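Trainee: Could you show me how to read a model like this one, feature by feature?
Mentor: Gladly; let's look at it together.

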Amino acid sequence: TVVEEPAEFPEGNRALMEYINANVTDSLRNNVAGIEGVIYVQFIIEKDGAVSQPKIVRGIDEHLDQEALKIVKGMPHWVPGKQNGKTVRMKMIVPIRIQKH
C-alpha cells in the first residue's frame, strides 16, 4: 500500500477528481431516494498500470455502489508505483462523492 513512488493517475490527482466528477452522472446525483454520501472504492494498480479487483470498502446504497464500481472499472491505465526502482502492484482507495445538484 505504501511505496517509494506511489501510483499516479495520468496527469495527477486533479485529473483523477475531474475524471470522477465527469463520470458521476446526473442519474447518480439525482437518485430516486435522494441519497448523498461518499462511496470508497478499493482497487489494485497492476504493474502495467491497469486497474483491477475494484471493490466497495464503504458504500451508501447497493445501486449507487455498483455505479461507483463502473466508474473505477472504466478508468484509464495509471502510472504504476515503484519500489526500489522496480514497478510494483499497489492498492488504492478513492472516494466517490454523491451529492445532489
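Mentor: Let's start with exposure: a residue is buried under 20% relative accessible area, exposed over 50%, and partly exposed in between, using a 1.4 Å probe and protein chains only. By that rule N84, at 61% relative accessibility, counts as exposed. This is a predicted model, where local features need pLDDT of at least 70 and side-chain atom pairs count only at pLDDT 80 or more, while totals for chains, interfaces and linings use all residues. Residues are numbered from 1 along each chain as its sequence is written, and side-chain values use heavy atoms, with hydrogens and water left out.

Trainee: How many helices and strands are in the protein chain?
Mentor: Helices (H or I, at least four residues) and strands (E, at least two) are DSSP runs, numbered from the N terminus. The protein chain has three helices and five strands, arranged along the sequence as α-α-β-β-α-β-β-β. Its C-alpha atoms fill a box of roughly 50 × 25 × 20 Å along the principal axes.

Trainee: What share of the residues in the protein chain is buried?
Mentor: Of the 101 residues, 37% are buried. Contacts tell another part of the story; a contact means heavy atoms within 4.5 Å. Among contacts with a separation of 6 or more, 73% join residues 24 or more positions apart.

Trainee: Which strands form the open sheet, and in what order?
Mentor: Two strands pair if DSSP finds at least two bridges between them. Here the open sheet of three strands runs β2-β1-β5, with antiparallel pairing. Strands β2 (51-58) and β5 (90-98) are the edges, each pairing on one side only. The twist averages 25° from one strand to the next.

Trainee: What lines the largest pocket?
Mentor: Rolling a probe the size of a water molecule over the atoms shows where empty space is left. On a 1 Å grid over the protein atoms alone, a pocket is an open set of points where a 1.4 Å probe fits, with protein on both sides within 12 Å along at least five of seven lines; lining residues have an atom within 4 Å of a point. The lining of the largest pocket includes M17, I20, R29, V38 and P95. Elements giving two or more residues to it are α1 (12-23) and β5, and β5 gives the most, with four.

Key
Axes fitted to C-alpha atoms, helices over the stretch in contact; angles between N-to-C directions.
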